[in-house]
Amino acid sequence: MPAYSSGPLRTGVWGTGSYLPDHVVRNQDIAASTGVSPEWIERKTGIIERRYAAAHQATSDLAAEAGRRALEDAGLTAEELGWVIVATTTPDQPQPPTAAIVQQRLGAGRAASFDVNAVCAGFVVALDVAARMLAGDGASRGPALVIGSEVYSRVIDPTDRRTAPLFGDGAGAVVLGPVPAQRGVLGSHSATDSRLLDLIGISAGGSRTPPSAETLARGEHFFRMRGREVRAYVMRELPRAVQALLRDLSVPPDLVRHFIPHQANGAMLGEVLENLGLPRARAHLPVARHGNTGAASVPLALDHAHRSGELSDGDLVLLAGFGGGMTTSAALLAWGL
């Protein structure tokens, strides 16, 4: 039996779902405001289009729809859920947690609900949290619905060429529950380098810098990112996280069949893939059609791979997120519904 199989049960994926808003925003739609050409955007980011939420839609609306689709795929009703966890950095409001709003909209009255904020690493971190809870006493409550959902279009400066071409809105979800020991979440690895806090963030709107007319005028409620330094971090730390996880689990890299990373930037991901040491893994990169959707991007890509029939029973699937903090998180799954 392989080193990564132990115990009678694991926590694994029962179903997946995703949702993208209807409004398509192509490169030519944002090129003028950012002072670059559509061709420049595609060359630098690998992105052709992204989606923006409608005026009446908030993060919870996108999350609830992705959650409904994941529940349908799993053959469950919302009333059977024990947990609703939402990874987001664009909550509906500072409080209550967006997960509680999603719980209400789904009718998951038995579930305990909370949010996770690890920026673009949020979904993988939330998945790890949920898997650990379900491996212990948390399983008695019932399965977990884990959602990544973002509405970045509300916090992006439309004139900033470092961020406006990259980001879009969307949501992805998984239902987690007990699976046989040969399937499910095999392990995870996370690390945060808080010396790099200033690389990504929104500086105003919290308790340190409360919202005011002055902070709005200075644009301090917009998402900001120091792109070159973020790229350097990802190129250095993502391979380390992947290699550390596989080493801890005693899994040879050539057994990994699928790599599903945070869909940050298609051009950057194309470069880092060469350094991951995953010779037989297929990289799933739907970033061209929905852009960087923050904490939603990993479950969006996972749902696309599942519904396209690209994941086979027993395949090792490596998920990886990275984002502000700076945090990198990776998880290895043995696929099987």
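Select residues 250–335, the span that UniProt lists, in an unreviewed entry, as "domain: Beta-ketoacyl-[acyl-carrier-protein] synthase III C-terminal". UniProt positions are given in the numbering used here, feature names are shortened, and annotations may be inferred rather than shown by experiment. The span is 26% helix and 28% strand, and its end C-alpha atoms lie 18 Å apart. Helices (H or I, at least four residues) and strands (E, at least two) are DSSP runs, numbered from the N terminus.

This is a predicted model, in which local features need pLDDT of at least 70 and side-chain atom pairs count only at pLDDT 80 or more, while totals for chains, interfaces and linings use all residues. Residues are numbered from 1 along each chain as its sequence is written, and side-chain values use heavy atoms, with hydrogens and water left out.

Next, select residues 114–193. UniProt, again in an unreviewed entry, places "domain: Beta-ketoacyl-[acyl-carrier-protein] synthase III N-terminal" here. This stretch is 18% helix and 40% strand, with end C-alpha atoms 24 Å apart.

**Nonpolar cores**

Select L238, L318 and L332. Of the 40 residues in the largest nonpolar core, these touch the most other members. A nonpolar core is a set of buried Ala, Val, Leu, Ile, Met, Phe, Trp, Tyr and Cys residues joined through side-chain atoms within 4.5 Å; buried means under 20% relative accessible area, exposed over 50%, and partly exposed in between (1.4 Å probe, protein chains only). The elements that give two or more residues to this core are α7, β11 (256–261), α8 (266–272), β13 and β14. Helix α7 gives the most, with 8 residues.

Which residues does L332 touch, not counting those up to four places away in sequence? Among them are G184, V185, L245, L249, V256 and L318, where contact means heavy atoms within 4.5 Å. A second, separate core of 32 residues includes A130, A131, L302 and L333. In soluble globular proteins, nonpolar side chains tend to be buried together.

Stay on α7 and select V234, which is found in that helix. V234 is buried, with a relative accessible area of 1%. Leaving out residues up to four places away in sequence, V234 touches P239, M268, V272 and F322.

**Pockets and a cavity**

Select T89, T90, P91, N117 and I202. Of the 38 residues lining the largest pocket, these lie nearest its centre. On a 1 Å grid over the protein atoms alone, a cavity is a set of points where a 1.4 Å probe fits but cannot get out, and a pocket is an open set with protein on both sides within 12 Å along at least five of seven lines; lining residues have an atom within 4 Å of a point. About 1,000 Å³ of space lies in the largest pocket. The lining divides into 17 nonpolar, 17 polar and 4 charged residues.

For the second largest pocket, select R162, G227, R228, R231 and N265, which lie nearest its centre among 27 lining residues. About 670 Å³ of space lies there. Helix α7 gives the most to this lining, with 5 residues.

Then select G12, V13, G184, L333, A334, W335 and G336, which line the largest cavity. Its volume is about 30 Å³.

**Helix α4**

Select residues 98–106. In this helix, T98, A99, I101, V102, Q103 and L106 are buried. They pack against α3 (59–74), β4 (83–87), β5 and β6 (144–151). G107 follows α4 and has a positive phi, near 80 degrees.

**Backbone stops**

Most residues other than glycine have a negative phi, and most peptide bonds are trans. Select Q95 and P96: the peptide bond between them is cis, with omega near 5 degrees. P96 is in the loop between β4 and α4. The bond from G325 to M326 is also cis, with omega near -10 degrees, and M326 is found in the loop between β13 and β14.

V119, in the loop between β5 and α5 (122–135), has a positive phi near 50 degrees. S250 has a positive phi near 55 degrees and is found in the loop between α7 and β11. Buried or partly exposed: which is V119, and which is S250? V119 counts as buried at 15% relative accessibility, whereas S250 is partly exposed at 49%.

Definitions and conventions
Grid points are joined across faces, edges and corners, and a volume is the space filled by probe spheres set on the points. Ala, Val, Leu, Ile, Met, Phe, Trp, Tyr, Cys and Pro count as nonpolar, Asp, Glu, Lys and Arg as charged, and the others, Gly among them, as polar.
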